[in-house]
Amino acid sequence: MLFRSPVELILARQWCALLTTPVLLFEPDGTLVYFNEAAAALLGRTYGESGGMSRPEWQAAFRMEDGLGETLAKGENPLAQALDQGVPAQAQIAMRGMDGQLRVLQVTSVPLGSLSQTKLGVMALLHEVR
């Protein structure tokens, strides 16, 4: 997928590539447009292997569950909250990555916006809970 986004999101991608914290970047419509190498270790595949994904594609690829193994309801999913409501959200979830491994993650999702109040997307930071 060609990365055709506002310059601010392109710069955010460059910044995320430098981080050792696992980070994912989403466009306002929920398209996953980038994740860094640190996130690849948790997602089970590199960005180069998977490329960008539409919202239904990444929701199928990274199943997010509650502590009982049930798919997270939209209101409990920190990515959905940030994307749909434009509010920061944080939750501990279980996620099965593309490698089939189940991991417990702390997910913090933050809406991104420009100085002109344009919605740019969402940045999600991940931390594996051991």
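Me: Ala, Val, Leu, Ile, Met, Phe, Trp, Tyr, Cys and Pro count as nonpolar, Asp, Glu, Lys and Arg as charged, and the others, Gly among them, as polar. How do the residues that line the largest cavity divide among these classes?

Reply: The lining divides into 14 nonpolar residues, no polar and no charged ones. This is a predicted model, in which local features need pLDDT of at least 70 and side-chain atom pairs count only at pLDDT 80 or more, while totals for chains, interfaces and linings use all residues. Residues are numbered from 1 along each chain as its sequence is written, and side-chain values use heavy atoms, with hydrogens and water left out.

Me: What makes this space a cavity, and how many of 30 Å³ or more does a search of the whole structure find?

Reply: A cavity is a set of points, on a 1 Å grid over the protein atoms alone, where a 1.4 Å probe fits but cannot get out, and its lining residues have an atom within 4 Å of a point. The search finds one cavity of 30 Å³ or more, and about 90 Å³ of space lies in the largest cavity, a volume being the space filled by probe spheres set on the points, which are joined across faces, edges and corners. Of its 14 lining residues, Leu24, Met64, Leu79, Met95 and Leu126 are the closest to the centre, and the elements giving two or more residues to the lining are strand 1, strand 4 (89-96), strand 5 and strand 6.

Me: Why are strand 1 and strand 6 said to pair?

Reply: Strands (E, at least two residues) and helices (H or I, at least four) are DSSP runs numbered from the N terminus, and two strands pair if DSSP finds at least two bridges between them. Strand 1 (residues 23-26) and strand 6 (residues 119-128) have four bridges in the antiparallel sense, and therefore they pair. Among the bridges, leucine 24 has alanine 124 as its partner in strand 6.

Me: Which turn residues in the two hairpins take a positive phi?

Reply: In the hairpin of strand 4 and strand 5, with five residues between the strands, glycine 100 has a positive phi near 85°. The hairpin of strand 5 and strand 6 also has five residues between its strands, and there glutamine 117 has a positive phi of about 70°.

Me: Why is the aromatic pair of tyrosine 34 and tyrosine 47 called tilted, and why do both residues count as buried?

Reply: Rings of Phe, Tyr and Trp (its six-membered ring) pair if their centres lie within 6.5 Å, and planes under 30 degrees apart count as stacked, over 60 as edge-to-face and the rest as tilted. At 5.5 Å centre to centre and 55° between the planes, these two rings therefore form a tilted pair. The pair links tyrosine 34 in strand 2 (residues 32-35) to tyrosine 47 in helix 3 (residues 47-50), 13 residues apart. Buried means under 20% relative accessible area, exposed over 50% and partly exposed in between (1.4 Å probe, protein chains only), so tyrosine 34 at 10% counts as buried, and so does tyrosine 47 at 13%. Ring pairs link Tyr34, Phe35 and Tyr47 into a cluster.

Note on methods
On a 1 Å grid over the protein atoms alone, a cavity is a set of points where a 1.4 Å probe fits but cannot get out, and a pocket is an open set with protein on both sides within 12 Å along at least five of seven lines; lining residues have an atom within 4 Å of a point.
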